[in-house]
Structures are given as structure tokens and as C-alpha cells.
Amino acid sequence: MVDVLLGLQWGDEGKGKIVDYFAGKYDIIARFQGGPNAGHTLYVNNQKVVLHTIPSGVFHGNTLNLIGNGVVLDPVTFRKECEKVSELGIDLKKNLYIAEKTHIIVPTHRALDKASELAKGQEKIGSTLKGIGPAYMDKTGRNGLRVGDVLSPNFKELYEKLKAKHLQLLANYDFSEDISEWEKDFFEAVEFLRTMNIVSGEYWLNQYLTAGKKVLAEGAQGSMLDVDFGTYPFVTSSNTISAGVCTGLGVAPKWIKEVIGVTKAYCTRVGSGAFPTELEDETGETLRKAGHEFGATTGRPRRCGWIDLVALDYTCMLSGVTQLVMTKSDVLDAFGTVEACVAYEINGIETKEMPYQINGLTIKPVLQSFPGWSEPTAAASSYAALPGEMKNFLSFVESYLGVPVQFVSNGPGRDQILEK
Ligand code: GDP
Ligand code: IMO
Ligand code: MG
């Protein structure tokens, strides 16, 4: 069977930490979409590790990890990441597998990402500039290169053909960077990629499923960045909701059991686009400081605001979330009052539904206040030991969403998680 773990907001919900916590219960952890735009933070032996492409189960001895076909892989960042993980004593040749149908990010994808963002000016997406959009465009445009292609003797030819197309596109932009250094790194990294376990991801995974093995599908980004249902066009280029698991790994819906949704106790967003509960004031600044809200991939300050239950209700519906994990509840310890958005007011009318297009709309979040708990919770060792005010807040979230909060994460550490 397959359980799914995904982010319900605009990314950075703490997925990496939670996957690492759950990994011991599964035989396989499989990433199904996204690429090096993701930054999943975990603590291993008190050391901080940020994973971009490698699934967050690699630090568990008996767990195998798969990079699924739905991912876009940049050989350069992948190689660097593998080197770091190997330095921590992990033998990736034993526990990491890559689906041969995974698409590859080439240097000109990154160049196109940068050129396109520059051309958009004020309207830029706020992309991580890792080449994600252009790589997925080539996938659906049927031009892309895949991991299986690196094993072909004519890989260089295929690469040159794609590069020629990209150079034509780049000529339309005011872009004149020399990419020869990027290319040198790229071809060295491709050599490295050839030495890794490249498999038919769909057969590999289905054989394990048929043999009764347990798989956790690890999402990247968040549901509000989904290319179909997110705040388009300020989204990423993949399906981040549970539907992405089937196409991103080659597994049938019948295998999917639990859908574990991860949400922060408040909300953040990095990059452009509407954010109804954003706090552009001192409270937002306090959240950013207390939560150390700076991007794991780009270092950009994250925009902060109260939890948005309208958006969460929407994303729980889209993915059929069966249980919630609430992270960073400890960040709210310092607040005398905690707020939650329970409806949007648009042109004087209240709604609990996500409108077609929220960018450009003036949305007033309808906030409900809860008394804070004003006591430290990072050292709490059981759910029962959490302050009553926090439990009240959690029960309200549960009843609004109609989904139980099974776990509360009360700190970044591996052991700072409480089961209800
Ligand atoms: P991901 O992309 O969803 O894996 O999340 P990120 O790693 O980008 O961002 C989450 C950040 O919050 C990381 O710095 C984590 O170490 C940290 N974190 C995760 N869970 C908690 C928590 O419960 N409390 C606190 N204070 N920090 C947490
Ligand atoms: P994890 O997995 C937060 C955002 C970018 C930008 C938009 C498009 O760590 O939660 P892209 O690089 O995909 O073209 O950027 O999506 N974004 C993320 N925001 N967490 C992420 O991943 C993100 N990956 C992309 O900031 O707004
Ligand atoms: Mg992140």
C-alpha cells in the first residue's frame, strides 16, 4: 500500500522532518514530483541537512528511496547533494533508486527560467530559478531528456539538439550569460548519474507493492502551488496534490491508503502571488523571527501570516486528506492571542470557498481569535502535556476541516513530535 505525505499550504510546512520521522515505518520513500526547487530540512545526529531531490528517508538504514518519474532532476545539484549525504555515512548505491523516466534539467533550462523571470519584471513568479518551469515545459512539449537517456551512447547529440532549441528561445530575451561553465559541471554530473541505480520506477515500485511492502510518497512544494489548483500563475509546474502520486510514480489509485497532510500552525509563502492572511506588520515579523522563516533553498525571507482555514479546507478536499500533522505549533508560544482565518470577505460578501482567481482580488480575511498559551511547549513530551489553550485551537482546526490532527510537531528536532 501507499500512504501519501504532502504539504497543504504554499510549501515549507516541515514535510522533510515529518517524512524522516515516519520513514522507519515504511519500506520505501518515493518522491513523486518537483525538483531542486524543494528544500526539505531534517536533523540527523543534531546536524542540519537540507535535501532537494533525494527523498527524506535516506537516513534510515532499512528504507529504500525512489526518485519517481514525476520529478525533474538537475544532475549538478543532485551530485552535490549525494556527496553531502555520503559524507554522513550513507551508501546511496544501496538505498537510492532513480526512475529512468525522470526528466532532466539542463543548464539552458536554468538560463530560460532566469531570462523569463527577468522579462516578467514586477509580475515575476518569484521562481527559485532552478529551471523547473522550462524542464516541465519540455516534458509536456515532448522535447525533454530523461534519466534513461544518459545511458545512451548518443546522449551528447540529444543534448545538443535540445540546447539548440533553447538558444533560439534565449535569443528572444536580453540574456547573454556564458553557460560553458554550467555545461562543464553538467557533463561531469551526468557521468556521476550514470553510476547510480537507474531503474524502471513503475515496475520496481509495483513489484514491491505486490509483495506487500509499505510505501510513503513524499510530496514537494505545497497544494496551493499546484499547477492546476494553486494560485495560478503564481504556482510551480507540477501537480503537488495527491493526484500527482499516480502519474509521478506509476502506481494505481487502488494502492493509496492514508493521505497525511502537513500544515504549519500559521502560514508562510515565499515568492510572488496572493496570500490572503499575510501580516505585513510587526506580528508578521515576530512570526518570521520566531519561526526562522527563511527559504531552505534560496535563503529568501518567507512571507508570514495566520493559518488560513479556507485554503486548508480546499486543499484537504483536493487530496482527500485523512489525517493532519500540525508543525511549528511551538512558534505560536509567544503570542497572547492566536488567530485563524475562517472565511474570506470579498466585496462585502463572505465566502468559505476558494475563488477562481485570488490574485488581484481584495480579500479581507475573517479572523477568529483564540487565547494564546503563553508558555513554552518545545519540551513537551506528550500530547496530553500540551496547554489546554493549544488543544482548544487544535480542536477548532480539526472541526473546521473535518480531519483529525494526529500529530503535533513542537520543534525542528527529530524527537519533537507528539502523537495524539
Ligand atoms: P519542507 O520544505 O516542508 O520540508 O520544510 P522546510 O524544511 O523548508 O521548512 C521547515 C522549517 O521549519 C525547517 O527549518 C525545519 O527545521 C523547521 N521545523 C520543522 N518542524 C518544526 C516545528 O515543529 N517547530 C519548529 N520551530 N521548527 C520546525
Ligand atoms: P518545498 O518542497 C516553498 C515557490 C517559489 C515560487 C513558485 C514557483 O521546500 O516546500 P519554481 O522554482 O517552482 O518555478 O517556483 O513556487 N516554490 C516553493 N515555495 N517551498 C517549496 O518547496 C517551493 N518550491 C517552489 O518560491 O513562488
Ligand atoms: Mg522547503
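Student: How exposed is Tyr21?

Tutor: Tyr21 is partly exposed, at 31% relative accessible area. Keep in mind that this is a predicted model.

Student: And Phe407, buried or exposed?

Tutor: Phe407 counts as buried, because its relative accessibility is 4% and the cut-off for buried is under 20%.

Student: How many aromatic pairs turn up in the whole structure?

Tutor: A search of the whole structure gives 17 aromatic pairs. In one of them, the ring centres of Tyr21 and Phe407 are 6.0 Å apart with the planes at 70°, so that pair is edge-to-face.

Student: Where do Tyr21 and Phe407 sit?

Tutor: Tyr21 is in helix H1 (residues 15-22) and Phe407 is in strand E18 (residues 405-409), so the pair links parts 386 residues apart in sequence.

Student: What about Phe78 and Phe192, how are their rings arranged?

Tutor: The centres of the Phe78 and Phe192 rings lie 6.2 Å apart and the planes are at 55°, so this pair is tilted. Phe78 belongs to helix H2 (residues 75-87) and Phe192 to helix H7 (residues 180-194), so the pair ties together parts 114 residues apart in sequence. Phe78 is buried at 0% relative accessible area, while Phe192 is partly exposed at 22%.

Student: Which residues make up an aromatic cluster?

Tutor: Phe370, Trp373, Phe393, Phe396 and Tyr400 form one.

Student: OK, switching to ligand 2. Which residues are closest to it?

Tutor: Ligand 2 has 21 residues around it, and the closest are Asp12, Lys15, His40, Thr128 and Thr236. The shell splits into eight nonpolar, 10 polar and three charged residues.

Student: What distances do Asp12, Thr128 and Thr236 have to the oxygen atoms of ligand 2?

Tutor: For Asp12, a backbone N or O atom is 2.8 Å from a ligand 2 oxygen. With Thr128, a side-chain N or O atom lies 2.5 Å from an oxygen atom of ligand 2. For Thr236, the distance from a side-chain N or O atom to a ligand 2 oxygen is 2.6 Å. On its own, ligand 2 has 550 Å² of accessible area, and the protein covers 97% of that.

Student: Last topic, strand E13. How many of its residues are buried?

Tutor: Six of six, so to speak: strand E13 (residues 303-308) is mostly covered.

Student: Which way do E12 and E15 run against E13?

Tutor: Strand E12 (residues 266-269) is antiparallel to E13, with four bridges joining them. Arg303 in E13 is the bridge partner of Arg269. Strand E15 (residues 337-346) runs parallel to E13, joined by two bridges, and Ala340 in E15 stands opposite Ile307.

Methods. Residues numbered from 1 in each chain as written. Chains lettered and ligands numbered in written order. Predicted model: local features only at pLDDT ≥ 70, side-chain atom pairs only at ≥ 80, totals over all residues. Heavy atoms only, no water. Near = heavy atom within 4 Å. Polar contact = N/O pair within 3.5 Å; in protein donor to acceptor, adjacent residues only side chain to side chain. Areas by Shrake-Rupley, 256 points an atom, 1.4 Å probe, with all protein chains shown as cover. Nonpolar A, V, L, I, M, F, W, Y, C, P; charged D, E, K, R; others polar. Buried < 20%, exposed > 50% of the residue type's maximum accessible area, 1.4 Å probe, protein only. Pairing = 2+ DSSP bridges. Phe/Tyr/Trp six-rings, centres within 6.5 Å; stacked < 30°, edge-to-face > 60°.
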